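Hi,

Here is the structure I promised to pass on. Have a look at it first, and then read on for my notes.

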Amino acid sequence: FLNIKTRGTKTCKKTHFLPRKGTKTALKPRSESELFLLLGFECFFALMDSVVLTKSLSLYHNKHYNKYNMTLKTLIRKIKNLHRRDVRTDQYIINRLVDQRDILLSYIYALDDDEFDVLGSSERKIRDNIKYIYENAIGCIEAYFHGRFDISREIIFNTFFDENNSKRILLKYDSIHTNTLFFRMRSNETYELYTQLEMFHIPFEKRSLTTNQRYSISGYPCLYLGNSAYGCWEELNRPNVEMCNIVALENVAQLTVIDLSLSNMYSNEFVEADLYNMVLSLICSLKTNDRTSPFKPEYIIPQTLLSCMIRRNDKSNQIYCDGIKYTSSLYDSKRCLFDDIRLFDNYVIPIKQSKEKGYCNELSSLFAISPTTSIAINKILHPYLGSPKSLSKLDKYEVSEFGLIERWLLDSDKVIVSKL
């Protein structure tokens, strides 16, 4: 069969008989039966090529994603790694989201069937919901780029907050217990200290100083809080650490937040809603290419999300949501000094009511604040914090300058902001 001769051609010794694109000589069968024979061979070998290719792709996929063997614990670790490895900041944001979605879907495909019982859902439903989240996130950004800001907000509201939407993605809310410790930091060029009120949110009469932040837009004051003094310092892009002013705040009442942080995700407590929170966390935590740019497309989704949360509070009879907890996009960057993910948890608490001047009455009565201090002043006034005997049983972070000042702020007297 491999030596069939045709008029005007040389003996064909290949397994393919029909002419290939770019070849100069076409095969010329001598009869109709020979033509059908050649066509039959071509179809057979094309089919074999397809089978081999499919087999190869299947083996490659199973080798890299280990279908039917990925555990929930591994899935959580891989999703956290996606948060860390988002380094293609120069790529078009839509393409970044598409790549992120495809990687997540491959992880879901690789998840062991038994793990879906733990999640309380089916593989098909989870894959469809992830596609739905990314489809609407991309739609939100595209509407924003076309100047349809109303449609952009409506897409996110319908996706996560519209109680009349049967396809609504149910996010997980978390309660922040009273007397939880938070930190705020402001850079300074002198050793002078700001007042306690100056360490709270930007007053309304100075709202023109409010710039675009990841979850808030210009002119709208929000109270940003950090889980650690170190995390606050990184968010400020590492100003002079000796001169930075630092305060601690404690909530005097329980708070309810949308929890987009990655630090509390563990396989023994992981449910379907946790997965969608992690997906939304990835979308809201895309790293920026230039932190000094006036407009950052990576902020479109998180800013719209906060706006929709505020709208949800006005329209819904459900539990009031005070803000959003999230893991900083700076987590696990190459220059980080500490790798404990909890140090990078942040909170954004929007004002509840605006007025001509001063501070939000509700937030002022919700938090107690410590005296303002700095690392330099604390070293002078409280040198005992660094004595070797007191540090012998502390870990790496606790013996750092940040850990030491946190210890002092923890024990300091605090006063409710509204009473200042």
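A quick word on terms before the findings: I call a residue buried when its relative accessible area is under 20%, exposed when that area is over 50%, and partly exposed in between. Please also keep in mind that this is a predicted model.

Let me start with helix 8, residues 272–284. Its buried residues are Glu272, Asp274, Leu275, Tyr276, Asn277, Met278, Val279, Leu280, Ser281, Leu282, Ile283 and Cys284. Twelve of the 13 residues are therefore buried, and helix 8 is largely enclosed by the rest of the structure. The geometry of helix 8 checks out too: at 1.5 Å a residue it should span 18 Å, and its end C-alpha atoms are 19 Å apart, which agrees.

Setting aside neighbours within four places in sequence, Gln100 is in contact with Tyr134, Leu282, Ile283 and Leu286. Gln100 is buried, at a relative accessible area of 7%.

Helix 3 (residues 93–110) also packs against helix 5 (residues 123–145), with the axes 10 Å apart and an angle of about 175 degrees between them. Angles over 145 degrees count as roughly antiparallel, and helix 3 and helix 5 are therefore roughly antiparallel to each other. On the helix 3 side, the residues that meet helix 5 include Ile94, Leu97, Gln100, Leu104 and Ile108. Among their counterparts in helix 5 are Ile126, Ile130, Tyr134, Ile138 and Phe145.

Now the aromatics, which may be of interest to you. There are 14 aromatic pairs in the structure. In one of them, the ring centres of Tyr144 and Phe149 are 4.9 Å apart and the planes stand at 70 degrees, so this pair is edge-to-face. Both partners are partly exposed, Tyr144 with a relative accessible area of 27% and Phe149 with 39%. Tyr230 and Phe344 make another edge-to-face pair, with 5.7 Å from centre to centre and 80 degrees between the planes. Tyr230 lies in helix 7 (residues 229–235) and Phe344 in the loop between strand 6 (323–327) and strand 7 (345–350), so their pair ties together parts that are 114 residues apart in sequence. Tyr230 and Phe344 are both buried. They also belong to one aromatic cluster, along with Trp233, Tyr331, Phe338, Tyr397 and Phe402.

Two arginines sit over rings as well. Arg186 lies over the face of Tyr194, 3.8 Å from the ring centre, and the charged end of Arg311 is placed over the ring of Phe157, 3.8 Å from its centre.

If you are checking the backbone, which residues other than glycine have a positive phi? Asn179 is one of them, with phi near 65 degrees, and Arg238 is another, with phi near 55 degrees. Most residues other than glycine have a negative phi. Asn179 lies in the loop between strand 1 (173–176) and strand 2 (181–186) and is exposed, at 52% relative accessible area. Arg238 is in the loop between helix 7 and strand 4 (245–251) and counts as partly exposed, at 26%.

Glu362 and Ser418 are 56 residues apart in sequence, while their C-alpha atoms are 8.7 Å apart in space.

Note on methods
Residues are numbered from 1 along each chain as its sequence is written. This is a predicted model: local features need pLDDT of at least 70, side-chain atom pairs count only at pLDDT 80 or more; totals for chains, interfaces and linings use all residues. Side-chain values use heavy atoms; hydrogens and water are left out. Helices (H or I, at least four residues) and strands (E, at least two) are DSSP runs, numbered from the N terminus. The expected span of a helix is 1.5 Å times one less than its number of residues. Buried means under 20% relative accessible area, exposed over 50%, partly exposed in between (1.4 Å probe, protein chains only). Rings of Phe, Tyr and Trp (its six-membered ring) pair if their centres lie within 6.5 Å; planes under 30 degrees apart count as stacked, over 60 as edge-to-face and the rest as tilted. A charge sits over a ring if NZ of Lys or CZ of Arg is within 6 Å of the ring centre and within 35 degrees of the ring normal. Axes are lines fitted to C-alpha atoms, for helices over the stretch in contact, and angles run from 0 to 180 degrees between N-to-C directions. Angles under 35 degrees count as roughly parallel, over 145 as roughly antiparallel, 65 to 115 as roughly perpendicular and the rest as oblique. Contact means heavy atoms within 4.5 Å.
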